[in-house]
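Visitor: I'd like to learn how to read a model like this one. Could you walk me through it?

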Amino acid sequence: QVQLVESGGGLVQPGGSLRLSCAASGKIFSIREMGWYRQGPGKQRELVAVLISGGSTDYADSVKGRFTISRDSVKNTVYLQMNSLKPEDTAVYYCNALIGTAPDGETWHGWGQGTQVTVSS
């Protein structure tokens, strides 16, 4: 029903920046929530940032002031601008979305395939 395609990962030096993108396509009536999670080596998946349909955002304490989540409603795309990257930000980053697929309240919840972010000198 809905597909999430991520892009923008890569290798960056400490202190550098990257911007991740997640584009949603398919049966989309409304986007209720889109966000980013990450899973580092040997760690559990954790919330990084989330943007809710009303415009409110939430961030993990570890990324506040460095990462910014934003959305292009026309393109059904969410972005994660990551600045001042640290080695501990190294992880696979996953897009997550809760999407309304019909006016009657039907929803879809799912994940993207993940994109690797490596912060290393």
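Guide: First, the ground rules. This is a predicted model, where local features need pLDDT of at least 70, side-chain atom pairs count only at pLDDT 80 or more, and totals for chains, interfaces and linings use all residues. Residues are numbered from 1 along each chain as its sequence is written, and side-chain values use heavy atoms, with hydrogens and water left out.

Visitor: How many helices and strands does the protein chain have?

Guide: Helices (H or I, at least four residues) and strands (E, at least two) are DSSP runs, numbered from the N terminus. Here you get zero helices and 11 strands. The radius of gyration (over C-alpha atoms) is 14 Å, close to the 14 Å from the globule rule (2.2 Å times the number of residues to the power 0.38) for 121 residues, so the chain is as compact as a globular protein of that length.

Visitor: Which face of strand E11 is covered?

Guide: In a regular strand the side chains alternate between the two faces of the sheet. In E11 (residues 115-119), Thr-115, Val-117 and Val-119 form the covered face, while Gln-116 and Thr-118 form the uncovered one.

Visitor: And in which sense, parallel or antiparallel, does E2 pair with E11?

Guide: Two strands pair if DSSP finds at least two bridges between them. E2 (residues 10-12) joins E11 in the parallel sense over three bridges, with Gly-10 bridging to Val-117. E9 (residues 91-100) pairs with E11 too, but in the antiparallel sense, over three bridges; there Tyr-93 has Thr-115 as its bridge partner.

Note on methods. Buried < 20%, exposed > 50% of the residue type's maximum accessible area, 1.4 Å probe, protein only.
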